[in-house]
Amino acid sequence: WPAPAPPNRMAIDFKMLMREERLRARERHAPPPAAAAALLSEPRSPPPPLPQTDVDWALPSRNDRPEYDAEAHAVDCGVRGIAHIAEWCSAEEEEAMLRCTDGAPAHRWTQLRGRRLQSLGGTPSSSDGGMTREPLPSWVQSVCDELVRCGVFPHDQPPNHVLLNEYRPGQGIDPHKDGPLYAPRVAILSLSSRAPPPPHARRPGAAYGVSSQAEL
C-alpha cells in the first residue's frame with residue numbers, strides 16, 4: 001500500500017500567519033490605555049432640548065368683541081348660511097397669533113402644492129369614530145373657546161379640529177369639498193391679509209382655479 005501523504009503544513013502555517021497579522025493590526029490601531037480610559041470616562045453632552053410645542057399666549061375674552069348675528073353678518077354670495085364678521089380680532093391679537101404660528105416647530109408643518117399647513121386637534125378618519133383626537137395647542141384652544149363664547153359655534157358643538165393654512169403671494173387652493181366627516185359649520189379666521197373668496201355653489205362640469213394673496 002502506498003504511504004499516506006504528509007499533512008499540509010503549509011496551509012496550517014498560512015492560517016496561523018493570518019491570525020497573527022490580524023492580531024498585530026488590531027494592536028496597531030488600538031488607542032493607548034490612557035486614551036481609552038479618557039474616552040470611556042468623558043461625560044456625554046446633554047441631549048438637545050425638545051422642540052417647543054406650545055406657546056404661552058391666549059386670546060383674551062373681550063366684551064367688545066363682535067358676536068355672531070346670523071342676519072347682520074349674512075353674505076349674499078349664492079350660498080345659504082355664509083356670514084362675515086369684520087375685525088373680529090384686533091391688530092395686536094393678530095400679530096400675537098402670527099407669532100404663535102411662526103413659533104411652531106418645523107415638524108408640525110406639512111408642505112403641499114401651493115401652500116403648507118398644520119393639522120391640529122387630530123386626524124380626521126372614516127374609522128375610529130371619525131376623528132383620532134389630539135389636544136389642541138393652548139393658544140389655538142383659546143381661539144376656539146372665544147368663537148364659542150361669541151356664538152360662532154354652539155356650546156354643545158365646539159370646534160375640535162383646526163387646519164392652519166399658510167398661503168404665500170400667488171399661492172392658493174382649488175375649490176373642493178371637505179366631505180361628510182366635518183360638521184356643517186366651519187369658521188375661517190383670515191390673518192395678515194384680506195379674507196379669501198367666499199364659498200360658492202359648484203357648477204357641474206366647470207373648472208375652477210383660485211389664487212389667494214393671503215399669507216395665512
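**Fold, confidence and selected residues**

Among contacts (heavy atoms within 4.5 Å) in the chain between residues at least 6 apart in sequence, 68% join residues at least 24 apart. This is a predicted model, in which local features need pLDDT of at least 70 and side-chain atom pairs count only at pLDDT 80 or more, while totals for chains, interfaces and linings use all residues. Residues are numbered from 1 along each chain as its sequence is written, and side-chain values use heavy atoms, with hydrogens and water left out.

Me: In what order do the elements of the chain run from the N terminus on?

Reply: Helices (H or I, at least four residues) and strands (E, at least two) are DSSP runs, numbered from the N terminus. The chain has four helices and five strands. Their order from the N terminus is α-α-α-β-β-β-β-α-β.

Me: Which element has the highest mean pLDDT?

Reply: pLDDT is the predictor's confidence in each residue, from 0 to 100. The chain averages 74, and 62% of the residues score at least 70. Among the elements, helix H2 (residues 33-41) has the lowest mean pLDDT, 45. The highest mean, 95, belongs to helix H4 (residues 138-149).

Me: How many contacts beyond four places in sequence does the model have for residues 205-216?

Reply: Where pLDDT is low, the predicted coordinates should not be read in detail. Over residues 7-12 pLDDT stays under 50, and the model has zero contacts beyond four places in sequence for them. Over residues 205-216 pLDDT also stays under 50, and the number of such contacts in the model is 40.

Me: Is Arg65 buried or exposed?

Reply: Arg65 lies in the loop between H2 and H3. Leaving aside neighbours within four places in sequence, Arg65 is in contact with Leu59, Pro60, Trp88, Cys89, Glu93, Glu146, Arg149 and Cys150. Buried means under 20% relative accessible area, exposed over 50%, and partly exposed in between (1.4 Å probe, protein chains only). Because its relative accessibility is 2%, Arg65 counts as buried.

Me: With the side chain of which residue does the side chain of Glu93 make a polar contact?

Reply: Glu93 lies in helix H3 (residues 91-102) and is buried, with a relative accessible area of 5%. Beyond four places in sequence, Glu93 is in contact with Trp57, Leu59, Pro60, Arg62 and Arg65. A polar contact is a pair of N or O atoms within 3.5 Å; within protein, one must be able to donate a hydrogen and the other to accept it, and residues adjacent in sequence count only if both atoms are side-chain atoms. At 2.9 Å, the side-chain partner of Glu93 is Arg65.

Me: Over the face of which residue does Arg65 lie?

Reply: A charge sits over a ring if NZ of Lys or CZ of Arg is within 6 Å of the ring centre and within 35 degrees of the ring normal. Arg116 has its charged end over the ring of Trp109, 3.8 Å from the centre. A polar atom of the Arg65 side chain lies 2.9 Å from the backbone oxygen of Trp88. At 4.9 Å from the ring centre, the residue under Arg65 is Trp88.

Me: How many disulfides does the structure hold?

Reply: A disulfide is a covalent bond between the sulfur atoms of two cysteines; the criterion here is a pair of cysteine sulfur atoms within 2.5 Å. Cys89 is buried at a relative accessible area of 11%, and Cys150 is buried at 2%. The number of disulfides in the structure is zero.

Me: What distance separates the C-alpha atoms of Gln118 and Val162?

Reply: Gln118 belongs to strand S2 (residues 115-120) and is buried, with a relative accessible area of 2%. Not counting residues up to four places away in sequence, Gln118 touches Thr101, Ala104, Arg108, Trp109, Val162, Leu163 and Leu164. Gln118 and Val162 are 44 residues apart along the chain, and their C-alpha atoms are separated by 8.0 Å.
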